[in-house]
Amino acid sequence: MAGRLEGKVVLVSGAARGQGRSHAVRLAQEGADIIAFDVCRQLDSVPYPMAVPEDLEETVKLVEDLDRRIVAREADVRDAGAVQAVVDEGVREFGRLDVVCANAGIVSFAENAWSLSDAQWDEMLAVNLTGVWKTVRAAVPAMIDAGNGGCIVLTSSTAGVKGMAGIGHYVSAKHGVVGLMRTLAVELAPHSIRVNTVHPTGVNTPMVVNDHTAQFLSAEPADQGNMDNLLPVEMVEAVDISHAILWLASDEARYVTGVSLPVDAGMLQK
């Protein structure tokens, strides 16, 4: 039985580990070939260890073990030329591009918004918002030229729909992603390209499960609830987000566009 994305090509940013790796593997399980990239080095304002080249190599192995093809390169989402080169190489290799998962992101912390450093603010917005736009800008012309329609999913957060203390730069970037999605949904509708956001709560990935994030969460006021879920789960798993993206990318969601889809274990209802 053919998978739901059989014959499709998917671009995933931030694919070396965490949600990005999960998306690449889950969509490959449904028949997609993958174009993947990740920075694979430490950024100055990020307090936890980031992905390394060996992580991206593991993503490649996991996709190839599914008998799917993958083009994977190290590229910084802030570098428009590098992102464009990865997209162009992938399209040359596979002949098309159908789905974009603009997933790459970072997090860092401060006591409050006015104690953030310029470096924290600038790097956060550059990766989590501008990097999303640069990924989409690199991908959209190939999607339009192919004339097959398609789907773009931008990774926002529960922080993209509510305020949260201690991460004002992250909240601002993730709110910006929603505005970008809504505009793209309007602009790309004539090309049958659907654009949506997903909004995870805390996800069991290295970005969240590390000493620095744990220290921030343990210092939260009791009523802050940055990761306080309604359902009896502490965190959702990366594959839970991948399932949501798979549905948005499939024909089952062929008329769904301009939508913010929470995968938050009821956090926003708490």
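Buried means under 20% relative accessible area, exposed over 50%, and partly exposed in between, computed with a 1.4 Å probe on protein chains only. By that scale D251 is exposed, because its relative accessible area is 54%. The structure is a predicted model, in which local features need pLDDT of at least 70 and side-chain atom pairs count only at pLDDT 80 or more, while totals for chains, interfaces and linings use all residues. Residues are numbered from 1 along each chain as its sequence is written, and side-chain values use heavy atoms, with hydrogens and water left out.

**Helix packing**

- Helices (H or I, at least four residues) and strands (E, at least two) are DSSP runs, numbered from the N terminus.
- Axes are lines fitted to C-alpha atoms, for helices over the stretch in contact, and angles run from 0 to 180 degrees between N-to-C directions.
- Helix α1 (residues 18-29) and helix α2 (residues 53-64) cross at roughly 10 degrees, and their axes come within 9 Å.
- The helices α1 and α2 are therefore roughly parallel to each other, a class that takes angles under 35 degrees, against over 145 for roughly antiparallel, 65 to 115 for roughly perpendicular and the rest for oblique.
- On the α1 side the contact (heavy atoms within 4.5 Å) is made by R21, A24, V25 and A28, and on the α2 side by D55, E58, T59, L62 and V63.
- Five nonpolar, one polar and three charged residues make up the contact of α1 with α2; Ala, Val, Leu, Ile, Met, Phe, Trp, Tyr, Cys and Pro count as nonpolar, Asp, Glu, Lys and Arg as charged, and the others, Gly among them, as polar.
- Helix α3 (residues 80-94) packs with helix α4 (residues 118-146) at an angle of about 30 degrees, the axes being 9 Å apart.
- The α3 and α4 crossing is right-handed; a crossing is right-handed if the near helix is turned clockwise from the far one by less than a right angle, and left-handed if anticlockwise.
- A80, V83, Q84, V87 and V91 of α3 meet K134, T135, R137, A138, A139 and A142 of α4 in this contact.
- The residues of the contact of α3 with α4 comprise seven nonpolar, two polar and two charged.

**Cysteines**

- A disulfide is a covalent bond between the sulfur atoms of two cysteines.
- With a disulfide defined as a pair of cysteine sulfur atoms within 2.5 Å, the structure holds zero disulfides.
- C40 is in no disulfide, and the nearest cysteine sulfur, that of C101, is 17 Å away.
- C40 has 6% relative accessibility and so counts as buried.
- The sulfur of C151 lies 7.5 Å from the closest cysteine sulfur, in C101, which is too far for a bond.
- C151 counts as buried because its relative accessibility is 0%.

**Loop residues**

- C40 is placed in the loop between β2 (33-38) and α2, and its phi is near 55 degrees, a positive value in a residue other than glycine.
- D67 sits in the loop between α2 and β3 (70-74).
- Although D67 is not a glycine, its phi is positive at about 65 degrees.
- D67 is exposed, with a relative accessible area of 66%.
- D251 belongs to the loop between α7 (238-249) and β7 (260-263).

**Strand residue V10**

- V10 lies in strand β1 (residues 9-13) and counts as buried at 0% relative accessibility.
- Not counting residues up to four places away in sequence, V10 touches L5, L27, A32, D33, I34, I35, L97, V99 and C101.
- A distance of 15 Å separates the C-alpha atoms of V10 and L62, which are 52 residues apart along the chain.
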